[in-house]
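Student: I have not looked at this one before. Could we go through it together, one part at a time?

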Amino acid sequence: MHNNVVPLIYHPIYSDLPLPEGHRYPINKYRLLYEEVERKYLRLAESPFVIKTPSPLTVEQVQQVHCKDYVEGLLTGSLPAAKIRRIGFPWTEQLIQRTLTSAGGTCLAVQQAMEYGLAIHLSGGYHHAHYDFG
């Protein structure tokens, strides 16, 4: 473990998801949180944070824990409309890249926490993701 260092996992794609006018999800919260941390802590000479940028998960990694058919349908945009509505966001390629990157960030946060004893991921945990539905 490395004392006095806290990995902070962030990627700008977290808030880069165009949503329809009036959509209830506050997608900019990730960017705003990062900007606040940057303003208060990252500019310090001895900031405790080190920024780590995640990579998207691969299809194979996602299929290790989720239904292969569901993953294929999600990635190709061929899920039935009811399943897409349940996710809560309109399907776009940007949604897929954002989702894979954020999930990659969660995995990176786990790896960093194991190494450093603590890590912070500035994205949602996708606690609504299930084996075969979103």
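Student: Is T101 buried or exposed?
Tutor: This is a predicted model, and in it T101 is buried, since its relative accessible area is 4%, under the 20% limit for that class.

Student: Which helix is T101 found in?
Tutor: T101 belongs to helix α5.

Student: And which residues does T101 touch?
Tutor: Leaving aside residues up to four places away in sequence, T101 touches H11, I13, Y14, P54, S55 and P56.

Student: Where does α5 lie relative to the strands?
Tutor: Helix α5, residues 93-116, lies across β1, β2 and β3. Its direction is at about 175° to that of β1.

Student: In what order do the strands come in the sheet?
Tutor: The order is β2-β1-β3, in an open sheet of three strands with parallel pairing. The edge strands, each pairing on one side only, are β2 (49-52) and β3 (120-121).

Student: How many bridges join β1 to β2?
Tutor: Four bridges join them, and the two strands run parallel; β1 covers residues 6-9. As one example, I9 has K52 in β2 as its bridge partner.

Student: Which strands does α1 touch?
Tutor: Helix α1, residues 29-42, packs on the sheet and touches β1 and β2. The direction of α1 makes about 145° with that of β2.

Student: Which residues of α1 are buried?
Tutor: They are Y30, Y34 and V37. These residues cover an arc of only 65° around the axis, so they are on the same side of α1.

Student: What covers those buried residues of α1?
Tutor: The cover includes β1, β2 and α5.

Student: How far apart are the end C-alpha atoms of α1?
Tutor: They are 18 Å apart. At 1.5 Å a residue, the 14 residues of α1 should span 20 Å, and the distance found agrees with that.

Student: A change of topic, then. How many disulfides does the count come to?
Tutor: The count comes to zero disulfides. A disulfide is a covalent bond between the sulfur atoms of two cysteines.

Student: Are C67 and C107 buried or partly exposed?
Tutor: C67 counts as buried because its relative accessibility is 17%. C107, at 37% relative accessibility, counts as partly exposed.

Definitions and conventions:
Residues numbered from 1 in each chain as written. Predicted model: local features only at pLDDT ≥ 70, side-chain atom pairs only at ≥ 80, totals over all residues. Heavy atoms only, no water. Pairing = 2+ DSSP bridges. Contact = heavy atoms within 4.5 Å. Axes fitted to C-alpha atoms, helices over the stretch in contact; angles between N-to-C directions. Disulfide = S-S within 2.5 Å. Buried < 20%, exposed > 50% of the residue type's maximum accessible area, 1.4 Å probe, protein only. Expected span 1.5 Å × (residues − 1). Arc of directions from axis to C-beta.
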